[in-house]
Amino acid sequence: MTIDEKQDDIIAEFEFLDDWLDKYQQIIDKGMSSKGVDEKYKTPDHLIEGCQSKVWVAADLVDGKIIYQAESNTDIAGGIATMLVEVLSGHTPQEIIDADLYFVEQIGLKEHLSPTRANGMLAMMKQMKLYALAFKAQQG
Amino acid sequence: MIDIQKIRADFPILSEKVYGKPLVYFDNAATTQKPRQVVEKIEEGYYKRNANIHRGVHFLSQEATEAHEAAREEVRAFINAKSTNEIIFTRGTTEAINLVASSFGELLQEGDEIIVSHMEHHSNIVPWQMLGLRKGTVLKVIPFDEKGVLKIDELDKLISPKTKLISCTQVANSLGTVNPVKEIIAKAHAHGIPVLVDGAQSVPHIKVDMQELDADFFVFSGHKIYGPTGIGALYGKEEWLEKIPPYQGGGEMIDKVTFEKTTYAALPFKFEAGTPDFIGSTALAEALRYVNAIGIENIAAHEHMLLEYAHEKLEQFDNIRFIGESPNKSGLVSFLLGTVHPYDLGSILDKLGIAVRTGHHCAQPVMDAFGIEGTVRASFAIYNTKEEIDIFIAGVERAKKMFRQ
């Protein structure tokens, strides 16, 4: 599946959830079903500090594609991180760099998250893209 | 019998909707909502009485001065200080403590000791640490037990010939623990040691009486007792305020200024540099009048009922953990629900229109002592109701299901 196809899937999942608490439930469930990150990646280098949440993000290049891992000590941020991993994992650095993450706005995440959470989410997206840039530079 | 619905009608913000749901405001320890009477006082001040105060020759200036000094007298009476010379207006509790740390701190030397408790708000820790860096003073800490009760016996071991001040909160903002400040003051005074009491979380909930308490310094914030932000007070015994040097320099706190020598104004103005918040002070006075009209004992009784009810309802959750279980508590309940992160629980409650506070509540040492990152804190005021607690409990119930606990 392409990045956009995965985004469209997520948008479809959220489409019939009107109540924001139902959307939160969906996000929480995604986070809870995620594998998280390998223990070796739970270091300060991989930490994206939000105000009250800790999020660890790691990336490995496997056969020219980036595999992301993400985990949070809070369930809502963890769910958001899991969705980003779902969308971006398994693609080339270039595909990730070029990706327009429109699902975030379309499922209402941008307007319904508090400024702190929204900033935290932007920080995660930025970190994942930075990994892609770094891997691309490595590839030469 | 107080009429809570009548009181609620005085607070326009309580009719606001949050995400389409009625606001349930349980973040009063952070700041309280304001009754119409307080807001109208501010409006009246700016529309009818706005002029710089003290030494003004014109009518408006005299009106403004009278109102500001009448407000000072209102504060004096509210806390039963002996004299208005003992009431210094500040921006709030934090500024008041910084004032004492700076001015009283001037008298101290390297190696002198300050004692605080482990349950202090950062505002009653950091100024003393900064004093330590400036003057080489040492900070010692009275511990608390697993219930959040101060280990008052430890105080005797901490007091030494070098102890120069004890600074302690009357009610801990993260735990709700009411401390035995009279006992602390008695122990301190037996050794000739003065005491600063942080009244930020006690003044809204408990009757305070400076002459009965015998504290040397007492601080509180207007915005936590239905008054505006930006104004609070430092009470200091006249003997101490005479002894310690001024805090900030500038206009209003002087007597004579030449480039060769400047002399300072008498109390209380010695500690009030620059134009004060002379509108805010009158609004603070109005808030204190509002509290007096209800009766602080009635407020205490109502809030006690709410606290007991909240406790009883939260206890029904099998995975509830209370942080702060002193038998003597005031105004708030701090808790954790299973392994749900407080930020997550607070976020769900928020979407249900319920305002609580999550995190360390500016008391990181307290959280460290319990080995946690933070708590969810629900804190009450006179306008809160049992029905609101029911909504809150339903919210916690919903969150529990959402986080599969």
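## Exercises on a predicted two-chain model

In chain A, the side chain of A:K42 lies over the face of A:W56, at 5.4 Å from the ring centre, where a charge counts as over a ring if NZ of Lys or CZ of Arg is within 6 Å of the ring centre and within 35 degrees of the ring normal. The model is predicted, so that local features need pLDDT of at least 70 and side-chain atom pairs count only at pLDDT 80 or more, while totals for chains, interfaces and linings use all residues. Residues are numbered from 1 along each chain as its sequence is written, chains are lettered from A and ligands numbered from 1 in the order in which they are written, and side-chain values use heavy atoms, with hydrogens and water left out.

**Exercise 1.** Find the lysine whose charged end sits over the ring of B:W240, and give its distance from the ring centre.

*Solution.* The residue is B:K243, and its charged end is 4.5 Å from the centre of the B:W240 ring.

**Exercise 2.** Describe how helices α2 and α3 of chain A pack, and list the residues that make the contact.

*Solution.* Step one is to locate the elements: α2(A) covers residues 20-32 and α3(A) residues 75-88, with helices (H or I, at least four residues) and strands (E, at least two) taken as DSSP runs numbered from the N terminus. Step two is the geometry, in which the helices pack at an angle of about 75° with their axes 7 Å apart; axes are lines fitted to C-alpha atoms, for helices over the stretch in contact, and angles run from 0 to 180 degrees between N-to-C directions. The pair is therefore roughly perpendicular, on a scale where angles under 35 degrees count as roughly parallel, over 145 as roughly antiparallel, 65 to 115 as roughly perpendicular and the rest as oblique. Step three is the contact (heavy atoms within 4.5 Å), to which α2(A) contributes A:Y24, A:I27, A:I28, A:K30, A:G31 and A:M32, while α3(A) brings A:D75, A:I76, A:G78, A:G79, A:I80, A:T82, A:M83 and A:E86.

**Exercise 3.** Work out the strand order of the seven-stranded open sheet in chain B, and then examine how helices pack on that sheet.

*Solution.* The order is β4-β10-β9-β8-β7-β5-β6, with mixed pairing, where two strands pair if DSSP finds at least two bridges between them. Because β4 and β6 (138-142) of chain B stand at the edges with a single partner strand each, one side of each is left without a neighbour in the sheet. From one strand to the next the twist averages 20°. Within the sheet, β5(B) (residues 113-117) and β7(B) (residues 163-169) run parallel and are joined by four bridges, and B:I114 has B:L165 as its bridge partner in β7(B). On the sheet, α4(B) touches β4, β8, β9 and β10 of chain B, and its direction makes about 155° with that of β9(B). Helix α7 (residues 181-190) of chain B touches β7 and β8 of chain B, its direction making about 165° with that of β8(B).

**Exercise 4.** Determine how many residues of α4(B) are buried, and name them.

*Solution.* Of the 11 residues of α4(B) (residues 93-103), eight are buried, where buried means under 20% relative accessible area, exposed over 50% and partly exposed in between (1.4 Å probe, protein chains only). They are B:T93, B:E95, B:A96, B:I97, B:L99, B:V100, B:A101 and B:S103. What covers them includes α5 (126-135) and β8 (195-198) of chain B.

**Exercise 5.** Classify the aromatic pair of B:F26 and B:F380, and then that of B:F104 and B:F217.

*Solution.* Rings of Phe, Tyr and Trp (its six-membered ring) pair if their centres lie within 6.5 Å, and planes under 30 degrees apart count as stacked, over 60 as edge-to-face and the rest as tilted; this rule gives 12 aromatic pairs over all chains. B:F26 and B:F380 are edge-to-face, at 5.0 Å centre to centre and 85° between the planes, and they are 354 residues apart. B:F26 is buried at 0% relative accessibility, and B:F380 is buried at 1%. For B:F104 and B:F217, the centres are 6.1 Å apart and the planes at 75°, so this pair is edge-to-face. B:F104 lies in the loop between α4 and β5 of chain B and B:F217 in β9(B), so the pair ties together parts that are 113 residues apart in sequence.
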